[in-house]
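Biologist: I'm new to this one. Can you put it up and walk me through some side chains?
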Amino acid sequence: MSVISRIAIPATACAHCGASVTPPARYCCEGCEAAHGLVEGMGLDAFYRKRSAPDGALRPDPAPPVPLAAAAVAEGTGLWRLDLMVSGLRCGACVWLVEQALAAEPDMLSARAALTTRRLTLRWRGKRERAEEIAALLGRLGFRAVPFTPACLRAADDAETRGLVRALGIAAFGAMNVMLVSVAVWVGEDMGAETRALMHWLAALIGLPTIALAGLPFYRSALAALRARRTNMDVAVSLGVLATAAMSLSEAWRNGPFTWFDGATTLLALLLAGRLLDRTARGRAGRAVAELLALQDGTVRRLGPDGAEEEVAVGAIRAGDRILLAAGERLRLDAVLEDAPGLFDLAATTGESLPRPVAPGSALAAGAVNMGGPAVLRVTAAAADGSLAATARLLDQAAEARGRFVTLADKAARLYVPTVLVVATGTFLGWWLGAGQGWQAALVPAVAALIVTCPCGLAIAVPAVQVVTVGALFRRGVLVTSPTALERLAAVDCVVLDKTGTLTTGTPRLLPGIWSPAELRAAAGLARGSRHPLARALAAACPDAPLRADAEEHPGQGMTAGTARLGSARFCGVREAGDTPVLWFTEGGSAPVAFRFADALRADAAAAIQALRELGLPVEILSGDAPGAVAAVAAELGIESWQGGAIPEAKLSRIADLREAGHRPLMVGDGINDAGALALAYAAVAAPGAQDLAQGAADLVLRTEALLALPGAIHAARRAQALARQNIAFSLAYNLVAVPAAVAGLVTPLGAAAVMASSSIAVILNALRAERPAPWMR
Amino acid sequence: MDALILLVPVALALGLLGLGGFLWALRAGQYEDLDGAATRILFDDQTAERTNRS
């Protein structure tokens with residue numbers, strides 16, 4: 001090992017993931033220790049010298065690996081291909097580590113990971129079941145792999161983006177080569193008429209195919225808009241470019257002083273570059289959302305008639321099937337609990353923060369999390385007919401309604417296109433009939449007016465701001481998924497917040513109580529061996545407690561190790577009835593101590609609410625949890641308007657009422673019970689760790705744990721809207737000077753190019769100011 | 001003027017060569033993972049080295 005590598009990792013950082021640890025410990029958890037051993041054993045320790053992922057991001061996830069064999073595709077006899085989405089693939093070193101580790105497997109034909117899409121494509125020879133071993137290897141290295149879902153594929157394999165890149169390549173080539181000819185015409189005043197004609201036709205030879213091919217994305221969109229009897233920016237762009245091409249052709253025909261192919265091709269190249277940037281920024285957010293959703297996807301364990309377990313996809317389950325739900329696992333279908341009573345966390349479906357005991361025979365909606373031992377359930381509806389499907393249909397309707405939103409750019413285009421048409425036609429008629437010029441000569445100032453006003457500044461004015469804002473928000477952990485999200489977010493006038501999982505973390509946290517640190521340490525060591533949510537919360541409260549090697553889990557009851565017992569009241573011989581989540585601990589016959597848990601407020605919830613108020617937005621809580629719990633949170637945050645015990649329909653009707661009263665509510669939620677309200681709201685934000693349906697219903701998805709990102713995003717959206725308005729106003733002001741000059745026939749192609757470039761640069765520079773975060777985010 | 005007859009086609013041919021190369025690279029999927037490609041060159045392939053050692 002080189003000297004550099006020893007210096008690179010400070011003694012207080014975990015040797016694998018870089019999270020801070022207290023010396024002499026070298027690792028933050030057993031997972032990291034195992035992963036570090038594995039990496040060094042494979043001779044891949046160069047990874048640690050090059051790692052640039054954020055500290056702690058590589059900590060192995062204790063979640064059980066998802067079965068992958070079913071997702072492998074046969075590519076021939078004994079040849080398999082598997083596409084995986086690998087979360088935690090954060091840096092080039094991670095890609096390298098994964099590829100190298102897998103390439104070392106003797107039967108692996110190829111392993112290729114893409115950092116942008118987090119997609120890992122594997123080809124191997126042998127048995128299909130190797131997929132599980134590969135996933136286990138990835139898991140030990142600290143990467144979680146799930147099958148590459150169709151949604152991921154859609155987000156990653158983007159034919160439209162590739163079309164834009166191709167068009168940009170062609171436009172850039174065309175623009176530069178036309179310029180080669182045009183510059184010669186501009187400076188060559190002593191050029192002979194024949195040479196000039198040659199130059200003109202050469203420019204047409206390059207320019208016309210370029211305009212035909214590179215302009216396709218605009219023509220298609222313009223045609224679609226015209227068919228729907230609307231106008232948009234693309235109509236203006238298409239009109240300007242095509243008219244310029246026609247006028248230039250006519251100028252080449254009569255061997256006029258200039259052709260304008262350079263202007264048309266450069267305009268296309270500039271606009272395509274802007275559009276590509278816009279798409280890339282949004283595509284990145286879309287991929288991140290698809291990644292979050294893929295991590296929630298999974299299979300269901302079906303119990304056969306003979307009691308055999310079988311991993312199947314959710315879609316394959318029919319009503320009447322019996323399924324097994326492990327401790328801590330989420331129910332994906334509507335089902336009835338069989339056999340034994342259980343303990344279920346219904347936060348996602350009802351918003352209750354405390355797990356509720358469920359009697360055998362009770363119905364459970366999809367989304368409930370099993371907090372007790374493994375449970376057997378009978379499915380009552382297949383995925384396509386269940387409660388989730390109904391909500392999903394609601395979301396589709398809402399998405400359609402939001403698609404009809406008229407953006408600022410569209411509004412500008414509606415005024416702009418007719419105005420420009422009138423000006424251009426007037427100029428043409430004025431020069432032709434009024435001044436008695438030939439029709440070809442009259443065409444020049446008319447089209448010059450079209451291309452000078454054109455769209456460049458105006459078409460870049462809004463996208464440039466959007467790109468900068470979406471990119472800045474992405475880096476702050478806010479994913480913008482809808483193209484109109486920022487405009488709607490900027491216009492909201494009240495905020496409705498869910499409680500569980502939104503204002504609170506949604507996971508239990510240890511409350512202060514009467515125990516000694518030694519007892520906590522002993523109990524946490526025991527809890528470390530369990531996946532139960534409460535045990536994990538206890539282990540998290542004392543992260544440096546070593547695992548008790550002799551710990552043994554009694555599913556649904558607790559843990560034992562020697563004389564120590566940790567678990568439910570009955571398990572530890574305590575008679576106490578209470579509904580707060582609690583773990584009891586006793587060792588060697590000592591008096592049992594209680595560790596109580598509660599769903600805690602997010603650390604920055606109060607600051608976030610304060611920031612929302614400073615933005616002038618009234619805040620209310622709309623929760624499905626018990627009124628008492630909601631009142632406590634509302635009092636703590638100083639929110640006067642709150643409603644508890646709200647079923648999903650009540651949430652929906654509250655939002656509907658607000659909209660009918662003329663408000664533009666912003667809904668923030670995380671659960672399946674919020675999805676309907678999110679879809680109906682004027683703008684919607686999915687809280688950190690939200691359910692997939694809620695994420696699908698939202699315009700923005702918060703990926704950081706910090707709730708302060710929410711007011712930050714609203715501030716950024718307002719700023720973006722203000723800057724977009726400034727840019728549009730600026731472009732219009734520019735036109736006030738440029739249009740009269742063009743109409744008067746004073747503008748040459750060189751002048752037009754200068755105007756176009758300078759106005760574009762001005763609006764782009766102004767757009768860059770959108771990067772600056774709100775004062776409280778700094 | 002004589003120089004133009006030679007130089008203009010040469011310039012165009014070179015440009016078209018570049019455009020062809022770009023379109024080929026696009027079709028071959030070389031623009032699929034820009035972030036990965038940027039960092040990939042920083043790492044050595046260790047598979048061969050390890051095979052020799054073991």
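Modeller: Start with B:Phe22, which is buried at a relative accessible area of 18%. Buried means under 20%, exposed over 50% and partly exposed in between, with a 1.4 Å probe and protein chains only. This is a predicted model, where local features need pLDDT of at least 70, side-chain atom pairs count only at pLDDT 80 or more, and totals for chains, interfaces and linings use all residues. Residues are numbered from 1 along each chain as its sequence is written, chains are lettered from A and ligands numbered from 1 in the order written, and side-chain values use heavy atoms, without hydrogens and water.

Biologist: Where do A:Trp515 and A:Phe595 lie?
Modeller: A:Trp515 is in the loop between S17 and helix H19 (517–527) of chain A, and A:Phe595 is in strand S22 (residues 593–601) of chain A, so the pair ties together parts 80 residues apart in sequence. Helices (H or I, at least four residues) and strands (E, at least two) are DSSP runs, numbered from the N terminus. Both A:Trp515 and A:Phe595 are buried. In chain B, the rings of B:Phe22 and B:Tyr31 have centres 5.5 Å apart and planes at 75°, so that pair is edge-to-face.

Biologist: Switching to charges. How many salt bridges over all chains?
Modeller: The search finds 20. Each is a side-chain nitrogen of Lys or Arg within 4 Å of a carboxyl oxygen of Asp or Glu.

Biologist: Why would such side chains pair?
Modeller: Side chains of opposite charge can pair when their charged atoms come close.

Biologist: Which residue does A:Arg302 bridge to?
Modeller: A:Asp321, with the closest N and O atoms 3.4 Å apart. A:Arg302 lies in strand S6 (residues 299–303) of chain A and A:Asp321 in the loop between strand S7 (309–313) and strand S8 (322–325) of chain A, so parts 19 residues apart in sequence are tied together. A:Arg302 is partly exposed at 21%, whereas A:Asp321 is buried at 18%.

Biologist: What about A:Arg475?
Modeller: A:Arg475 meets A:Glu771 in a salt bridge, 2.7 Å from N to O. That links distant parts of the chain: A:Arg475 is in helix H16 (residues 456–475) of chain A, A:Glu771 in the segment after helix H27 (749–767) of chain A, 296 residues apart. A:Arg475 is exposed at 54%; A:Glu771 is partly exposed at 33%.

Biologist: Which residues share partners in one network?
Modeller: A:Glu75, A:Arg81, A:Asp83, A:Arg119 and A:Arg123 are joined by salt bridges. Within it, A:Arg81 and A:Glu75 meet at 3.8 Å, N to O.

Technical notes
Phe/Tyr/Trp six-rings, centres within 6.5 Å; stacked < 30°, edge-to-face > 60°.
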